[in-house]
Amino acid sequence: MNKIKSIVVASMGIALGLASCDSGNMRRTPGHIYAPDMTYSRAYDAYTSNPKLGKDSLISHLPVDGTIARGHLYDHLKEGDTNAYKTYTTAMRFNADEMKEGGRLFNIYCGICHGTNLDGNGPLYNGGNGKFAAAPANFKDAKYLHMPVGQMYAAIKYGKNMMGTYASQLDVKQRWMVLAYIKKFQSANGGDPFIFGEGGPEIKADSAKTVTATAANTNAANNNKK
Ligand code: HEC
C-alpha cells in the first residue's frame, strides 16, 4: 500500500515539475527601458572590444612582455629565481604601535604553527602530536636566528614547502611588520642587531640595486648555459 502511495506522490511531483517548465506564457522580451544609460553601459566593459583601440581592439590587454607593474619591482623575486631574493629588504621603519600590530598579526597568522613564543611549537604542531605534521621553523634556533629577512619575506609571500603563502592575508606593510616583530625577538635572543624600528639605519628602498646586478648576472649566467 505504502509503495503505491509513494508512486502516486512521486508521479504527482514529476507532473508538477514538468508543468512548471511550460514556457507558454513566459515573456521573452524585456520591459520598457526608461533610463537606457543605466541599462546599457556607455563605458566599454572589460573583455569586450573597443574599435578605437586598433589592431585586436580588446579592452583588457596582457602586460607588455618583460614589464613589471609599478610598486612590484623586486618584490617578485622568489626562492630559486636567483640568490638575490635573500638580499631583498625594506626601507620601512616601524614605531611602537606598528611593532605591536606586527605582534598581533603574528599571533593570528603565524603563532598557530610557529608558536606565540616563536619556538616553532604552536598548537597545530604541538611537539609532533598536533594536526600539522611538518615542524615549523623555530625562530630561536641557530638555523633561523640570522636568516636574511629577504628569505623570510619570500616564505611569507610564496610559502615554503609545507607552509602555505600568506600573501593574500597580509599586505606588503603587514608582512614587514610581522617580520620586524620576529627580527626584534630574534635580536633579543642572540640574533642580529634590530634595524627595523623607528630611527633604525636609513636605507634607500632601492638598495635592491645590488639585487638587479645579481639578478642580471644570474640571468646572464643562465643564458650562457642555454
Ligand atoms: C600551517 C603552519 C604554518 C603557519 C600558519 C606559518 N608557517 Fe611558517 N613555516 C611552517 C613550516 C612547516 C615551516 C618549515 C618549512 C621547511 O623548511 O620545510 C615554516 C617555515 C617558515 C620560515 C623559514 C623559511 C625558510 O626559508 O626556511 C619562515 C621565515 C616562516 N615560516 C615565517 C612564517 C610567518 C611570518 C608566518 C605567518 C605569516 C608563518 N610562517 C605561518 C609552517 C607554518
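User: Which of the 20 residues around the ligand come nearest?

Analyst: Cys-110, Cys-113, Met-152, Asn-161 and Met-163 come nearest of the 20. A residue is near a molecule if its C-beta atom, placed from the backbone, lies within 6 Å of it. Two elements, α4 (111-114) and α6 (149-158), each give two or more residues to this shell. α6 gives the most, with four residues.

User: What should I know about the model and its numbering?

Analyst: This is a predicted model: local features need pLDDT of at least 70, side-chain atom pairs count only at pLDDT 80 or more, and totals for chains, interfaces and linings use all residues. Residues are numbered from 1 along each chain as its sequence is written.

User: How do the residues of the shell around the ligand divide?

Analyst: They divide into 16 nonpolar, three polar and one charged. Ala, Val, Leu, Ile, Met, Phe, Trp, Tyr, Cys and Pro count as nonpolar; Asp, Glu, Lys and Arg count as charged; the others, Gly among them, count as polar.

User: How many helices and strands does the protein chain have?

Analyst: The protein chain has eight helices and zero strands. Helices (H or I, at least four residues) and strands (E, at least two) are DSSP runs, numbered from the N terminus. Along the sequence the pattern reads α-α-α-α-α-α-α-α.

User: What makes α6 mostly covered?

Analyst: Seven of its 10 residues are buried. A residue is buried if 20 or more other C-beta atoms lie within 10 Å of its own, exposed if 12 or fewer, and partly exposed in between, with C-beta atoms placed from the backbone. The buried residues of α6 are Val-149, Gly-150, Met-152, Tyr-153, Ala-154, Ile-156 and Lys-157. They pack against α7. Gly-159 follows α6, with a positive phi near 80 degrees.

User: Which elements do the buried residues of α7 pack against?

Analyst: They pack against α3 (96-109), α5 (142-145) and α6. The buried residues of α7 include Arg-175, Trp-176 and Lys-183. Tyr-181 is another buried residue of α7. Tyr-181 is in contact with Met-99, Gly-102, Gly-103 and Phe-106, leaving aside neighbours within four places in sequence. Two residues are in contact if their C-beta atoms, placed from the backbone, lie within 7 Å.

User: Which residues have the most contacts inside the largest nonpolar core?

Analyst: Tyr-153, Met-177, Val-178, Leu-179, Ala-180, Tyr-181 and Ile-182 have the most contacts inside this core of 26 residues. α6 and α7 are the elements that give it two or more residues. The largest share, seven residues, comes from α7. A nonpolar core is a set of buried Ala, Val, Leu, Ile, Met, Phe, Trp, Tyr and Cys residues joined through C-beta atoms within 7 Å.

User: Why is Lys-140 called partly exposed?

Analyst: Lys-140 has 18 other C-beta atoms within 10 Å, so it counts as partly exposed. Lys-140 is in the loop between α4 and α5. Not counting residues up to four places away in sequence, Lys-140 touches Leu-118, Asp-119 and Asn-189.

User: Is Asn-161 buried or exposed?

Analyst: Asn-161 counts as exposed, because it has 7 C-beta neighbours inside 10 Å. Asn-161 lies in the loop between α6 and α7. Its phi is positive, about 45 degrees, although Asn-161 is not a glycine. Most residues other than glycine have a negative phi.

User: Why does Tyr-47 count as exposed?

Analyst: Tyr-47 has 8 C-beta neighbours inside 10 Å, so it counts as exposed. Tyr-47 is in the loop between α2 (36-39) and α3. Tyr-47 has a positive phi of about 70 degrees and is not a glycine.
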